[in-house]
Amino acid sequence: MRRRDFITLLGGAAAAWPLAARAQQPERMRRVGALMGYPEAQSELASFLQELQKLGWVEGRNLRIDTRWGIPADPDSMHRFARELVALQPDLILSQSTPATAALLQETRVIPIVFTTVADPVGSGFVASLARPGGNATGFVVTESSLGGKWLELLREIAPRVTRVAALFNPAMAPYAEYWLESFKAAAASFAVEAIRAPIHDSSELESIIAAQAREPNSGLFVLPDAFTFAYRVEIVSLAARYRLPTVYAFRFFTALGGLLSYGNDLNDNFRLAGTYADRILKGEKPSELPVQAPVKFQLVINLKAAKALGLDVPPTLLARADEVIE
């Protein structure tokens with residue numbers, strides 16, 4: 001081999017070595033934190049991780065997940081876990097609820113945050129506007145404020161004798177309660193229904209509060225969506241049935257447990273969408289430029305067994321509008 005040919009061959013091989021070396025190097029590990037509102041939200045977190053996996057982010061290969069589960073009976077747990085996650089300096093943090101998002105934003109205005117089930121992100125001060133969030137947080141709204149009136153309308157349609165409805169919520173977990181209560185109270189006035197606030201602070205109060213509502217004639221219940229009512233869904237549905245209170249809920253998992261009627265979006269869908277936002281942020285986009293999105297698809301679910309136990313005849317027109325009927 002001539003000397004010139006050898007030098008050319010050597011130079012080409014040397015140029016190829018860095019490419020081969022780079023090809024053999026492992027992918028950069030990205031770190032994502034997750035602050036969940038309650039331990040029962042494992043299926044929602046799984047939806048987020050499944051969407052990330054579809055987009056090429058595989059836990060243990062190029063992704064590490066650090067999860068903290070809030071304790072509904074201990075509101076301070078959100079702040080404690082938020083500090084722990086921020087101290088890990090992840091590339092991004094998934095936030096489930098309004099209290100979780102508020103706690104995280106108290107700890108960081110730098111690390112990107114994607115929230116999934118926040119009620120009023122503008123009113124809560126999380127974003128400047130839905131179209132242009134402007135800070136380090138963006139995500140997905142759980143429901144619209146007008147649904148407070150819609151929930152009462154549906155309750156009256158399935159239980160027309162109801163003239164007194166109590167709104168059950170945990171103030172520590174639902175500081176945004178007025179977001180829905182305003183439209184709830186406005187609808188109550190139009191239906192000549194007495195609207196009652198029923199704040200609950202601890203699970204030990206559940207039975208006494210629900211029993212107190214049941215003692216009044218023609219009473220019903222409206223369960224606001226918050227981390228507390230989600231965590232104690234089994235107890236709430238059971239007590240509403242035991243005390244024969246027609247009750248309307250925000251999400252299908254209540255009716256699947258035996259609740260009378262629910263109307264709301266698919267929470268798992270919010271988490272799937274959050275996976276797409278996480279992917280875009282991990283690839284370089286800024287949360288300040290990703291608009292906050294509202295749900296577009298809602299499910300009306302009726303439990304006929306629960307209606308029969310309460311002695312209610314479900315109107316055919318309501319049944320015809322239902323997306324699902326549980327028998």
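Colleague: Is Thr116 buried or exposed?
Modeller: Thr116 counts as buried because its relative accessibility is 0%; buried means under 20% relative accessible area, with a 1.4 Å probe and protein chains only. This is a predicted model, in which local features need pLDDT of at least 70, side-chain atom pairs count only at pLDDT 80 or more, and totals for chains, interfaces and linings use all residues. Residues are numbered from 1 along each chain as its sequence is written, and side-chain values use heavy atoms, leaving out hydrogens and water.

Colleague: Which strand holds Thr116?
Modeller: Thr116 is in strand β4, residues 113-118; strands are DSSP runs of E with at least two residues, numbered from the N terminus.

Colleague: And which residues is Thr116 in contact with, beyond four places in sequence?
Modeller: They are Leu94, Ser95, Gln96, Phe140, Asn270, Phe271 and Ala274, where contact means heavy atoms within 4.5 Å. As for Gln96, its backbone oxygen lies 3.3 Å from a polar atom of the Thr116 side chain.

Colleague: Turning to the sheet, in what order do the strands run?
Modeller: The order is β2-β1-β3-β4-β5, an open sheet of 5 strands with parallel pairing. Two strands pair if DSSP finds at least two bridges between them. At the edges are β2 (63-69) and β5 (137-141), each pairing on one side only.

Colleague: How many bridges link β4 and β5?
Modeller: β4 and β5 pair over 4 bridges, in the parallel sense. Within this region, Val114 stands opposite Thr138 in β5.

Notes:
Buried < 20%, exposed > 50% of the residue type's maximum accessible area, 1.4 Å probe, protein only. Polar contact = N/O pair within 3.5 Å; in protein donor to acceptor, adjacent residues only side chain to side chain.
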